[in-house]
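Walk through this structure with me.

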Amino acid sequence: MAFVTFLAQSLDRNSIKSSERIFRSMMGDRAQHLADITLEYGYWDIAVEHLVYKLNMQWVNETFVDYMRDELQIDGVHVLDGNNNPKLHVVDGALANADLLARYGPSVMDLIGKARATAKDEAPVPATGLIGSLEGLFLASAALMTTYNENNDDKSTDHVLLFAQPINKDVLAAMSERYGLSKLYLSPVKPSFRQAGAAIETPGGNVIGHFVWYPGLEGSRLLPYLMIGVLVVYVSMFLAARLFFRRATVVVRALEDAKWEAEKAREQLADLARKDPLTGLGNRRFLDETLTRLQSPGDRAGKYALLYIDLDRFKEINDTFGHETGDVVLQHVADSLRALVDPEDSIFRLGGDEFAVVFANPKRERVLSSGRAIVEHFSKPLQLNDAVCQYGASVGIAFSADIPDLMRQADIALYAAKRQGRGRMAVYSSELLEFREASEEPVVRRG
């Protein structure tokens, strides 16, 4: 009898510990996803241009309002200057005045302080954690806003970008259903003997409460049947014990399946952080990772090629027909690029109306042919319902075995194509570099 009770309690403890490991892994995935999103916007020279150097409210509306709340479940976007004075608040999908301390409590300043700890002129390191109170709890991430010049040198600003996701009843209910955390709720006290839980610790190290839920306790559920079996006959006890261990195996397998699902969800979130949400192409972050992965020692000139595309007169489409039509045009451009290059070539949207194609082990003529086909294809008017969109594309091409030079050289070639009258293609050469240095300093295009 005592042995059966001990086994049931051991299984219950293992169920609680496994459930808590799954919860910690799930919260870690959510925090990493939010940190990736914060870094995507904080480490973006266009964001620095429109939020730090000047506050462009049209850009803020197009970039943050509605999209953050509806697509990314972020209901708090905040920008603070070097003195931690608020410069911008987007709350619940609308521009608003907000008191950070009243909304998030003093723990938000600890999170901002950690974000400011990023070394000067280095890539920002997001600080992520739980802030607020049990009545208003948020998962938040903050990053020191950083830009970069045409040599890809990082330049820190004194502004901090903060994103916050609510941990409310709806979120808790969704987490409870997805990960099997029965009746998940927030509590000011630790979980009881038959509950599982995790402490809610702020970035400053203060515990403000606990996540609490009821794990499936197979041992407790099976214990009465096992005790009846022991009391009847030894054989019945033996059969019940076999059933007990069989159910224990099912529970362990179910927990492992839940852990696998959590890891799969984490991989999917990481993939989303590397994709442009509008076109499905890789984003600037993914381009940087791709170029880093391709880099290898040795001098093998011409092994890699990069094709840099900038749409001509795209702003006129947005101004004339609206941004919804502009988004449809960008999706059409992405689909067209997929059709115009080979499947093994990698296509990226760098932001705005700029795109790039990376060729590995390319034949020079194939790259040049792709560039000419792109220029010709986008020179034709595009009919969208009642709108006729007339635009074009300028293309810069670079061939190099030195991966860090590819983007810079393609940018110089694109600049030359623009200077020649747009709707053209140019291939990088040292003469183009001398021509650019002799001309006025261009605007650096980054996405």
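A residue counts as buried when its relative accessible area is under 20%, with a 1.4 Å probe and protein chains only. By that rule F64 and F163 are both buried.

The model is predicted. Its protein chain has an average pLDDT of 86, and 86% of the residues reach at least 70. Residues 442–447 fall below 50, although this stretch has 27 contacts in the model beyond near neighbours in sequence. Where pLDDT is low, predicted coordinates should not be read in detail.

Now the rings. The whole structure holds 12 aromatic pairs. One of them joins W59 and F64, with centres 5.7 Å apart and 90° between the planes. That geometry is edge-to-face. W59 is buried, as is F64.

How are the rings of F64 and F163 arranged? Their centres lie 6.2 Å apart and their planes meet at 70°, so this pair is edge-to-face. The angle decides the label, because planes over 60 degrees apart count as edge-to-face. The pair links distant parts of the chain. F64 sits in the loop between α3 (57–63) and α4 (67–72), while F163 belongs to strand β6 (residues 154–166), 99 residues apart. Both F64 and F163 are members of one aromatic cluster, together with Y41, W44 and W59.

Leaving aside neighbours within four places in sequence, I37 is in contact with F163, L72 and I74. I37 lies in helix α1 (residues 2–42). Is I37 buried or exposed? Its relative accessibility is 8%, so I37 counts as buried. I37 and S141 are 104 residues apart in sequence, yet their C-alpha atoms are 8.9 Å apart in space.

Next, the charges. Two charged ends sit over rings. That of K183 lies over the ring of Y214, 5.7 Å from its centre. That of R364 lies over the ring of F399, 4.5 Å from its centre.

D353 is another case. Where is D353 found? D353 occupies the loop between β11 (346–351) and β12 (354–360). D353 is buried, yet has no salt bridge. The nearest side chain of opposite charge is K418, 6.3 Å away. A salt bridge needs a side-chain nitrogen of Lys or Arg within 4 Å of a carboxyl oxygen of Asp or Glu. Beyond its neighbours within four places in sequence, D353 is in contact with I309, D310, L311, F314 and L330.

Conventions
Residues are numbered from 1 along each chain as its sequence is written. This is a predicted model: local features need pLDDT of at least 70, side-chain atom pairs count only at pLDDT 80 or more; totals for chains, interfaces and linings use all residues. Side-chain values use heavy atoms; hydrogens and water are left out. pLDDT is the predictor's confidence in each residue, from 0 to 100. Contact means heavy atoms within 4.5 Å. Helices (H or I, at least four residues) and strands (E, at least two) are DSSP runs, numbered from the N terminus. Buried means under 20% relative accessible area, exposed over 50%, partly exposed in between (1.4 Å probe, protein chains only). Lys and Arg count as positive and Asp and Glu as negative; His and the chain ends are not counted. Rings of Phe, Tyr and Trp (its six-membered ring) pair if their centres lie within 6.5 Å; planes under 30 degrees apart count as stacked, over 60 as edge-to-face and the rest as tilted. A charge sits over a ring if NZ of Lys or CZ of Arg is within 6 Å of the ring centre and within 35 degrees of the ring normal.
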